[in-house]
Amino acid sequence: MVHEHCSQARRRLSAQSRTRYDLQVFAVEVEVVITFCQACWAEIPNQSIICPNCGADQSQISAEPFVKKLIRALHHPEPETPIRAAYVLGQLKAVEAVPALLVVVAEQSDQFIVAACIDALAEIGDPSLASPLEQLLRSASGLIVEDALEKALVKLRTQKPTIEESS
Ligand SMILES: [Zn+2]
């Protein structure tokens, strides 16, 4: 019973995985993923079927792909939700979320949300992100965003490419 929604999450994630590398990541990261409500992205105890934060029944959440839900959550009006969504996207190394994360970084005025999206981009780790992030650093205002950008750039420069590693 406890693992019912865990296995749902795992199945959805596996369906989206294409490479052996992805599967390895998900095998590791699923423990992180299942601790977040799939409606409001609040951290919830592993056993929770009903989210203590928003009341959503985790077993009744729509079959929309997990990453798509997270991408949609980046535009949620409650600031904590996009921050959590960005964090989970980073943990999942969700390459398909990169364009959406860059849009949020460009358009969002909340520095904490922008910083969370930059952290996620660094975690996803596509080396092609280094140059857009460098550009952002030149025009960035605000210590929180600047700090996130500097850390992300260090990470991106020292990281091995994560995509198509196993193909
Ligand atoms: Zn919730």
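A: Happy to! Let's start with one term: two residues are in contact if their C-beta atoms, placed from the backbone, lie within 7 Å. Take L89 as a case: leaving aside its neighbours within four places in sequence, L89 is in contact with L70, A94, A97, L101 and A120. Keep in mind that this is a predicted model.

Q: Okay, and how many helices and strands does the protein chain have?

A: There are eight helices and zero strands. Reading from the N terminus, the elements go α-α-α-α-α-α-α-α.

Q: What share of the 167 residues counts as buried?

A: In the protein chain, 33% of the 167 residues count as buried.

Q: And how much of the contacts comes from residues 24 or more positions apart?

A: Such pairs account for 57% of the contacts in the protein chain with a separation of 6 or more.

Q: Back to L89. Which residues have the most contacts inside the largest nonpolar core?

A: L89 is one of them, together with A86, L101, C117 and I118, and that core has 43 residues. The elements that give two or more residues to this core are α3 (66-73), α4, α5, α6 (111-124), α7 (130-139) and α8 (143-158). The largest share comes from α6, with ten residues.

Q: Then what are the angle and the axis distance for α5 and α6?

A: These two pack at an angle of about 150 degrees, with axes 9 Å apart. That makes α5 roughly antiparallel to α6. Their crossing is left-handed.

Q: Which residues meet there?

A: From α5 you have V98, L101, V104 and V105, and they meet I113, V114, C117, I118, A120, L121 and I124 in α6. Sorted by class, this contact of α5 with α6 has eleven nonpolar, no polar and no charged residues.

Q: How do α7 and α8 run, roughly parallel or roughly antiparallel?

A: The axes of α7 and α8 cross at roughly 155 degrees and come within 10 Å. The cut-off for roughly antiparallel is an angle over 145 degrees, so α7 and α8 are roughly antiparallel to each other. The crossing of α7 past α8 is left-handed.

Q: Who makes that contact?

A: On the α7 side, A130, L133, E134, L136 and L137 take part, and on the α8 side, E146, L149, E150, A152, L153, L156 and R157 do. The residues in this contact of α7 with α8 divide into eight nonpolar, no polar and four charged.

Q: And what is the angle between α3 and α4?

A: About 145 degrees, with the axes of α3 and α4 8 Å apart. The crossing of α3 and α4 is left-handed. V67, L70 and A73 in α3 meet T81, P82, A85, V88, L89 and L92 in α4. By class, the contact of α3 with α4 has eight nonpolar, one polar and no charged residues.

Q: New topic: single residues. Is A100 buried or exposed?

A: A100 lies in helix α5. The cut-off for buried is 20 or more other C-beta atoms within 10 Å, and A100 has 22, so A100 is buried.

Q: What does A100 touch?

A: Not counting residues up to four places away in sequence, A100 touches I71 and L74. The C-alpha atoms of A100 and L74 are separated by 8.0 Å, although these residues are 26 apart along the chain.

Q: Where does Q91 lie?

A: Q91 lies in helix α4. Because Q91 has 19 C-beta neighbours inside 10 Å, Q91 counts as partly exposed. The C-alpha atoms of Q91 and A120 are 7.5 Å from each other, and these residues are 29 apart along the chain.

Terms used. Residues numbered from 1 in each chain as written. Predicted model: local features only at pLDDT ≥ 70, side-chain atom pairs only at ≥ 80, totals over all residues. Core = buried A, V, L, I, M, F, W, Y, C linked by C-beta atoms within 7 Å. Buried ≥ 20, exposed ≤ 12 C-beta atoms within 10 Å, placed from the backbone. Helix = DSSP H or I, 4+ residues; strand = E, 2+ residues; numbered from the N terminus. Axes fitted to C-alpha atoms, helices over the stretch in contact; angles between N-to-C directions. Parallel < 35°, antiparallel > 145°, perpendicular 65-115°, else oblique. Left-handed = near helix turned anticlockwise from the far one by under 90°. Nonpolar A, V, L, I, M, F, W, Y, C, P; charged D, E, K, R; others polar.
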